[in-house]
Structure formats: structure tokens, C-alpha cells
Amino acid sequence: MTDGPSYGFDTLQIHAGARPDPATGARQVPIYQTTAYVFRDADHAAALFNLQEVGYIYSRLTNPTVAALQERMATLEGGVGAVCCSSGHAAQIMALFPLMGPGKNVVASTRLYGGTITQFSQTIKRFGWSATFVDFDDLDAVKAAINDDTRAVFCESIANPGGYITDLDAISAISDAAGIPLIVDNTSATPYLCRPIEHGATLVVHSMTKYLTGNGTVTGGVVVDSGKFDWSANDKFPSLSEPEPAYHGLKFHETFGPLAFTFHGIAIGLRDLGMTLNPQAAHYTLMGIETLSLRMQKHVENAMKVAGWLETHDAVEAVTYAGLPSSPYNHRVEKICPKGAGGLFTVKLKGGYDACVKFVDALEIFSHVANLGDTRSLVIHSASTTHRQLTPEQQEAAGAGPSVVRISIGIEDPADLIADLNTALNAAK
Ligand SMILES: *Cc1c(COP(=O)(O)O)cnc(C)c1O
């Protein structure tokens, strides 16, 4: 199909990027389980290697099953191109890699997935990069944190674990004024609930491991490019604006225009970092995305019911779900994610750390796992697991203190979920 802008989300989640297989007519996107592709002749091979012609060379760079997923994700996010990679964490490195360099920094929200806080505060230092963490509800602090060496601003649309909603319009106004790209991790919202590019994001990253695949089968990540950033406005982004020695002095922005970031991601990022998504994983994710809108509606509906009920339980001190009128983030739902605040939130128990551990152990339907965004309902005690590497201050700032349990609401019968939670809360008293 031609991806006309007139098609609705429910149509695009099934059809974007997919067309009947030209060789066989296969209606479903085949799993192209191949490493390499035969060149027509030596000239064809040379043109592909020179980036003068787009095509398939080797599956570390490009693969038709993965390409279908890239096109689908770019379409659903409203971007011009996308690069898939092996995990959400790989996507974050792939997003930062063309922008950063030794001595450069990223200004990041304190409310992030725990693994991202560790990646940004510890591991990226090995590349000579650094992160400055600030409260993204404090706009003056975000402004003040940006300096001459800042190359990106990073936040989550609906932030893990608390389900807090970031005012993307206010943040993108700041990054725009500074001439710095805004990277938004849209994992918890998915493009069904939030489209960060419409709120000014330059790049959107996902852990496709979560709601996009949706059933806890494979890890995957993607970087979607809005195509809107002027990489040549100044000398801050030489990887994209200056001659690339590995391609005979080709300048990505001059040559590929709005697709500069995407081409760089494939031709340099995947080629040399090798964090490639395999075609089997792409297949599972394409299958998952076909039902994304249906699942997200049910996740939101169930989360509203369960969070509302939890708030009334006498063992519960607080529930962070932004869909509840009691949430300080409730007023942002309509602006940022009008179809709902997702399926992820935390619950704070009056009994503290011990009650949390008992509660998690007493649940039957909910699984205690380090994952979210599954059809199944999941819980985790963040302070002892995903946010364990963080200092107590970082845990509190991320909304993952010791008396907090993160809940990812699945698409089961909400009455069963409530009954299970009720039994476990009473057992934990
Ligand atoms: C899980 C997750 C990641 C990391 O993704 P992986 O696929 O596990 O590497 C990044 N950001 C958010 C918001 C996540 O939930």
C-alpha cells in the first residue's frame, strides 16, 4: 500500500512497511533469514558500497524484514526514517553516537528507566561522554544545565517507573532555543498514546521489547528520526555535517538531507557498532504491532480501574498513575497522551520495604519480573532490582524508593487483577 497520510493508526499499524513479497506474493512479511544478498554485477556492488544506490548488502546493515519494521515504526511515529537495533539500550547508544564525542554531554531527566540512569551515569563515561541529570519539571534547571558541550537533551514521554508525564512541548522549546536535538524515549507510551515528534522531538527511541512486541518474546530497539533537525546550522554535529573519511569525504547531511541521521545510523552506526536487530525478532515485533492500538486501549482501561481501586485500599499510601485525577501529572494527559496515560505506575505501601517484598511474593496472576509492557500483568520491587545500582537519592528522584512497587498492568480481566492484588495486599499487612 502507499502510506497516504489519510490512513488511520489502526490501518497503518498493520500495513505500513509491508507489501506482498515481490518474489512469491506472500502476504505476510517473510522472515528473510539470510546474511548476504547477491549483487547483480560488480557495478551494482560498487554503487551499494558507495551509498550511491540503496539496497541490501549484508544483514548487519540491512535486511528486508527489519526494513519493513523500520518503515512501520517511522510511519507510526510520523518520522522520515528509522534504524532498528538489538535492544532499547542499543537504540539509546545509536541515538547518541552521531551527536556525542569526548567531552560532550547529554542533559537527561532524573525520571528514567533505571537501566538508562546506569547507562548514562556510568557506562557512557568510557566513551568520554557524560550526562547531567535534572528534574524536567523544573524548566529553569533544564535551561541552566545546557552548556556549550551539550549535544542532546533526553527524557521519557511517560516516564518509567512512575508513569509521570513529561511536558514535551516545554522541553522542546528549550532544546530548540539552544539548537540541541531532543531525544524522547517513547517506550511506555508507544506511538498510539503519544507522538513525541508532534511535540518537538528530534529523535524518538524505543525499547520494542515492551508494548510494541507486546508479549515478552524478544528484545529490540529503534531510533526514529523526525528529519527536522538542521545538523549543519553550526559546527556541533560534525559526524553529520562534515566529510566522512570512511566514505571518501561524503557529507551525510548535504547528501541525504532529512534522511542524514537514518543513513548515518545504518552506514556507520550498524556497520561499526554492530547492534543489529535480527530478522526473527523483527518478525515477532511486526506481529505485535498489528494489534498495538487494541492492546493499548485495554492496558489503559485496566490501569484506570486497577489504579483507582488501589488508591482506596487501606494498605496503600499512594498510587502514581497519571490517569487518576489525584495525580499531579493528570493535567498533562490531554496535551501529551490524550488516549490515556498507559499501563505503568507505582504503588507505595504503608508497610515499607518489608510489606513490598511480601506483597510481590503473594501475588498469583502478576509475575515478579524485570519487564513491562507485556499482555501479562507484571510487578517488580524497583529498589531491590531495576533501580538497585542507584543511590538512595537517585531512587527517590526516579520515583523508585524502597516502599514502592512498579506495576505493569496487562490485558487480563480487571476483576481478576483486583482480586489478586487484594489478596496480596492483605497478606502483606
Ligand atoms: C526497557 C526499557 C529500556 C531498555 O530497553 P531494553 O530493550 O531492555 O534494552 C529503555 N527505556 C525504557 C523506558 C524501558 O522501559
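Biologist: Which residue in β9 is the bridge partner of Gly-81?

Modeller: Asp-225. This is a predicted model, where local features need pLDDT of at least 70, side-chain atom pairs count only at pLDDT 80 or more, and totals for chains, interfaces and linings use all residues. Residues are numbered from 1 along each chain as its sequence is written, and side-chain values use heavy atoms, with hydrogens and water left out.

Biologist: What makes β1 and β9 a pair?

Modeller: Strands pair if DSSP finds at least two bridges between them. β1 and β9 are joined by 5 bridges, so they qualify. They run antiparallel. A strand here is a DSSP run of E, at least two residues; a helix is a run of H or I, at least four.

Biologist: What does β9 share with β8?

Modeller: Again 5 bridges, in the antiparallel sense. Val-205 stands opposite Val-223 of β9.

Biologist: Why is β9 described as largely enclosed?

Modeller: Buried means under 20% relative accessible area; over 50% is exposed, and in between is partly exposed (1.4 Å probe, protein chains only). In β9, 5 of the 5 residues are buried, so the rest of the structure largely encloses this strand. Gly-221, Val-223 and Asp-225 point one way, Val-222 and Val-224 the other. In a regular strand, side chains alternate between the two faces of the sheet.

Biologist: How do you know that α12 is mostly covered?

Modeller: Of its 11 residues, 8 are buried. Among them are His-283, Leu-286 and Ile-289. The cover includes α1, α3 and α13.

Biologist: What describes the packing of α4 and α11?

Modeller: Two packed helices are described by the angle and the distance between their axes. Axes are lines fitted to C-alpha atoms, for helices over the stretch in contact; angles run from 0 to 180 degrees between N-to-C directions. The axes of α4 and α11 come within 10 Å and cross at roughly 115°. Contact means heavy atoms within 4.5 Å. Ile-93, Met-94 and Ala-95 of α4 meet Phe-261, Gly-265, Gly-269, Leu-270 and Leu-273 of α11.

Biologist: What makes Asn-278 and Gln-280 a polar contact at the start of α12?

Modeller: The cut-off for N or O pairs is 3.5 Å, with one atom able to donate a hydrogen and the other to accept it. A side-chain oxygen of Asn-278 lies within 3.1 Å of the backbone nitrogen of Gln-280, so the pair passes.
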